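Please look through the structure below with its helices, its pocket and its charged pairs in mind. The paragraphs that follow take these topics in turn.

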Amino acid sequence: MPSQTNEEPLREQELRQAALELFARKGYHNTKISEVVKAAGVSQGTFYWYFDGKEQMAIRLVENGRDKLVEVIEQGYRKHAGSVDDMVNSSANLLTNLFAFANENRNLMAFLLIKGQGADPKVRSAVSEVWIAFEEAFKKNVLRAIELGMLPQFTDVSLRVNILVSLITGVLTKWLFGPLHDVDYEPVYTASQIAEETARFEFRGLLG
């Protein structure tokens, strides 16, 4: 394991950032380790000091992204009961934070939402685990709202949450990358604007 110096974590971070950008733009299979180390400005030996190979690096990137996404959602967990307007506003705030995070981490999101689907089986499995955890985090929030009496007692919570998450990830993908899945696409709306519209649509569906 690397010794704890200020320089070495920086090198690892530079490798991660370089890899994410290449994965987002070229895809996993079309990215070579030699390209990653060149983009990071380090030697190939430095790469292997931190990672066993490209697959391990990609899985670590995905797992780290999963933890950060879930953390963003958990920050918006419902703590107290409130009105319908309060629910819509709280959801809009949660989604604003989520969309802002996604915009600040465009390369990560491009890999998770688009490019990661063509990776090796272990990497694809890690990407799938991200969206399973993402959906579970939203399910906990919905269950908490039901517990507080802010939403009706559904018999098909998992199905409704699946539809909700499909809505959010679909909006997120189109908002971030446009119809052509362009990493350099500039969103037409701000994170708060798209979040507010998505939240209003969300609760029309949840409340029937």
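In this predicted model, the largest pocket is lined by 14 residues, and those that lie nearest its centre are Arg 16, Gln 17, Leu 20, Lys 68 and Asn 105. Its volume comes to about 310 Å³. Rolling a probe the size of a water molecule over the atoms shows where empty space is left. The elements that contribute two or more residues to this lining are α1 (7–26), α4 and α6 (106–113), and it is α1 that supplies the largest share, with five residues. Sorted by class, the lining of the largest pocket consists of three nonpolar, six polar and five charged residues.

Arg 16, one of the residues nearest the pocket centre, also takes part in a salt bridge with Glu 12, in which the closest N and O atoms are 3.0 Å apart. Both Glu 12 and Arg 16 belong to helix α1, where they are separated by four residues, about one turn of the helix. Side chains of opposite charge can pair when their charged atoms come close. In total, the structure holds 10 salt bridges.

Helix α4, which gives residues to the pocket lining, spans residues 54–74, and its axis comes within 9 Å of that of helix α7 (residues 121–147), the two crossing at roughly 5 degrees. Because angles under 35 degrees count as roughly parallel, α4 is described as roughly parallel to α7. On the α4 side the contact is made by Glu 55, Ala 58, Ile 59, Val 62, Arg 66, Leu 69, Val 70 and Ile 73, while α7 brings Lys 122, Val 123, Ala 126, Val 127, Glu 129, Val 130, Trp 131, Ala 133, Phe 134, Ala 137 and Phe 138. By class, this contact of α4 with α7 has 15 nonpolar and four charged residues, and no polar ones.

How do α6 and α7 pack, and at what angle? Their axes lie 9 Å apart and the angle is about 105 degrees, which means that α6 is roughly perpendicular to α7. Here Met 109, Phe 111, Leu 112 and Leu 113 of α6 meet Val 123, Val 127, Val 130 and Trp 131 of α7, and by class the contact has eight nonpolar residues, with no polar and no charged ones. Val 123, Val 127, Val 130 and Trp 131 of α7, which meet α6, are also among the α7 residues in the contact with α4.

Terms used
Residues are numbered from 1 along each chain as its sequence is written. This is a predicted model: local features need pLDDT of at least 70, side-chain atom pairs count only at pLDDT 80 or more; totals for chains, interfaces and linings use all residues. Side-chain values use heavy atoms; hydrogens and water are left out. Axes are lines fitted to C-alpha atoms, for helices over the stretch in contact, and angles run from 0 to 180 degrees between N-to-C directions. Angles under 35 degrees count as roughly parallel, over 145 as roughly antiparallel, 65 to 115 as roughly perpendicular and the rest as oblique. Contact means heavy atoms within 4.5 Å. Ala, Val, Leu, Ile, Met, Phe, Trp, Tyr, Cys and Pro count as nonpolar, Asp, Glu, Lys and Arg as charged, and the others, Gly among them, as polar. On a 1 Å grid over the protein atoms alone, a cavity is a set of points where a 1.4 Å probe fits but cannot get out, and a pocket is an open set with protein on both sides within 12 Å along at least five of seven lines; lining residues have an atom within 4 Å of a point. Grid points are joined across faces, edges and corners, and a volume is the space filled by probe spheres set on the points. A salt bridge is a side-chain nitrogen of Lys or Arg within 4 Å of a carboxyl oxygen of Asp or Glu.
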